[in-house]
Every structure is written in C-alpha cells, then in structure tokens.
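Let's take a friendly walk through a protein model together. Keep the sequence and the 3D view open as you read.

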Amino acid sequence: MSLPEHGYDYEACLAACARGEQQALRALYEQESARLLGVAQRIAGDKALAEDIVHDAFIRIWTGAASFDPARGSARGWIFSVTRHLALNFVRGHAREVPYSEPETVAAEHLDTFDYQARSGRIYGCLEQLDPARRNCLLHAYVDGYSHSQIAQKMNTPLGTVKAWIKRSLAALRECMG
C-alpha cells in the first residue's frame with residue numbers, strides 16, 4: 001500500500017490516539033474512512049454492514065492504539081488489518097447464525113451509540129475491573145481481531161468458555177459504561 005497525500009504520519013496519529021487525543025482519531029477518520037469502507041464493503045458485500053464495521057474498527061483503533069507495534073508492521077497496515085479482521089469475523093459469524101446474539105452483533109448494536117467524548121476515558125477503568133483472563137479474551141477479540149477459536153487455542157481454554165467470557169465481559173462493560 002502506498003502512502004496517500006504526501007506521507008501522512010500514521011504512527012504519530014496512532015501514538016496520539018493512544019494518549020487519548022480525540023482530534024487524532026478524527027484526523028485518521030478523515031484520512032482513511034472512505035478507503036476502509038471500501039475494504040469492509042468488498043468483504044461484507046453490503047454498504048450498511050460495511051459502515052457498521054468501519055465504525056467498530058475506529059472504536060478498536062481508538063481503544064487499541066497503544067498496542068500498535070511498529071516492529072510488526074506499518075501503522076497504516078495495522079489500521080487496515082483491524083478493519084479486515086472485523087469484516088471477516090462479521091462474515092464468519094453471520095454465516096453460522098445462531099439464536100442468541102454473538103458478541104460481534106452485541107458490540108455492533110451497543111457501540112453504535114458510543115459517545116467518544118463522554119466515554120473514551122472510562123473504558124480503560126471498566127476494562128481494568130474485568131478478570132484478567134476475561135479482559136484478555138475481549139482484547140484478543142476486539143483489538144487483535146482474533147476469532148473465538150483462535151482465542152481458545154491461544155489461551156488453552158475451551159471454545160464455549162471463551163464465548164461465554166466474551167459475552168459476559170461485553171455485558172459488564174455495557175453496565176460499567178452506563
């Protein structure tokens with residue numbers, strides 16, 4: 001991928017997001033949202049779903065910016081990877097529809113109303129309240145973009161347990177964020 005518009009500094013932008021600078025997220029959104037929407041739409045096959053995916057991607061980018069490691073790749077590549085993982089997880093999750101809400105669906109339903117300015121700092125405190133294993137499951141799913149089975153394998157934990165932990169952790173975050 002080539003750098004658009006005279007070498008936009010994605011690393012600096014992610015570092016600013018990690019420091020909680022909301023203007024950096026806005027700038028990143030203005031810089032890449034149209035391209036990320038195109039990626040998500042190609043994978044999901046639906047513009048409305050792609051818009052939801054990009055929305056969730058920017059939440060993950062905001063909350064996970066501190067986890068970006070330049071030694072593992074470019075900042076722009078990381079941003080696109082977050083979006084691709086979300087889109088692929090969405091497609092996989094909805095290819096096997098089940099009667100209860102999958103965590104991806106729960107997140108999309110409840111994060112649509114996410115108020116960046118009022119809630120951005122509180123999420124860190126809410127995450128700290130979670131049991132470390134459950135918090136790690138949630139972060140692997142929503143920051144790293146791992147599938148439930150990848151998380152189960154990585155944590156050497158049964159798949160059903162991982163799914164339950166993620167579902168309960170999302171409920172706890174919703175309650176904490178109020």
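## The disulfide and the other cysteines

C126 and C176 form a disulfide, with their sulfur atoms 2.0 Å apart; to count as a disulfide, two cysteine sulfur atoms must lie within 2.5 Å. A disulfide is a covalent bond between the sulfur atoms of two cysteines. The structure holds one disulfide.

Before going on, a word on the source. This is a predicted model, in which local features need pLDDT of at least 70 and side-chain atom pairs count only at pLDDT 80 or more, while totals for chains, interfaces and linings use all residues. Residues are numbered from 1 along each chain as its sequence is written, and side-chain values use heavy atoms, with hydrogens and water left out.

Which hand does the disulfide of C126 and C176 have? The torsion about its S-S bond is about -80 degrees, so the disulfide is left-handed. C126 lies in helix 7 (residues 122-129) and C176 in helix 10 (residues 159-177), so the bond ties together parts that are 50 residues apart in sequence. Helices here are DSSP runs of H or I with at least four residues, strands are runs of E with at least two, and both are numbered from the N terminus.

C13 and C17 have another story. The sulfur of C13 is 4.8 Å from the closest cysteine sulfur, in C17, which is too far for a bond. C17 is likewise in no disulfide.

| Cysteine | Relative accessible area | Class |
|---|---|---|
| C126 | 4% | buried |
| C176 | 29% | partly exposed |
| C13 | 6% | buried |
| C17 | 0% | buried |

## The overall fold

Now zoom out. The protein chain comes to 10 helices and zero strands. Of its 178 residues, 43% count as buried. Contact means heavy atoms within 4.5 Å. Among contacts between residues at least 6 apart in sequence, 67% join residues at least 24 apart.

## Two nonpolar cores

A nonpolar core is a set of buried Ala, Val, Leu, Ile, Met, Phe, Trp, Tyr and Cys residues joined through side-chain atoms within 4.5 Å. The largest one has 30 residues, of which L14, L28, I53, F58, I61, W78 and I79 touch the most other members. Which helices each supply at least two residues of this core? They are helix 1 (10-18), helix 2 (22-44), helix 3 (47-64) and helix 4 (75-95). A second, separate core has 16 residues, including C137, I151, W165 and L170.

Leaving aside neighbours within four places in sequence, I61 is in contact with L14, L28, W78, I79 and V82. I53 is found in helix 3 and is buried, with a relative accessible area of 5%. With the neighbours within four places in sequence again set aside, I53 is in contact with A40, A44, T83, L86, A87 and F90. The C-alpha atoms of I53 and Q41 are separated by 8.9 Å, and these two residues are 12 apart along the chain.

R35 is partly exposed, at 34% relative accessibility, and its C-alpha atom is separated by 9.9 Å from that of V54, 19 residues away along the chain.

## Where helix 8 meets helix 10

The axes of helix 8 (residues 132-142) and helix 10 come within 9 Å and cross at roughly 90 degrees. Axes are lines fitted to C-alpha atoms, for helices over the stretch in contact, and angles run from 0 to 180 degrees between N-to-C directions. Helix 8 is therefore roughly perpendicular to helix 10; angles of 65 to 115 degrees are given that name, while those under 35 count as roughly parallel, those over 145 as roughly antiparallel and the rest as oblique.

On the helix 8 side, the contact is made by A133, R134, C137, L138, A141 and Y142. On the helix 10 side, the residues are V162, W165, I166, R168, S169, L170 and L173.

N156 lies in the loop between helix 9 (148-155) and helix 10. Phi of N156 is near 50 degrees, a positive value in a residue other than glycine. Is N156 buried or exposed? N156 is exposed, with a relative accessible area of 74%.

Methods
Buried means under 20% relative accessible area, exposed over 50%, partly exposed in between (1.4 Å probe, protein chains only).
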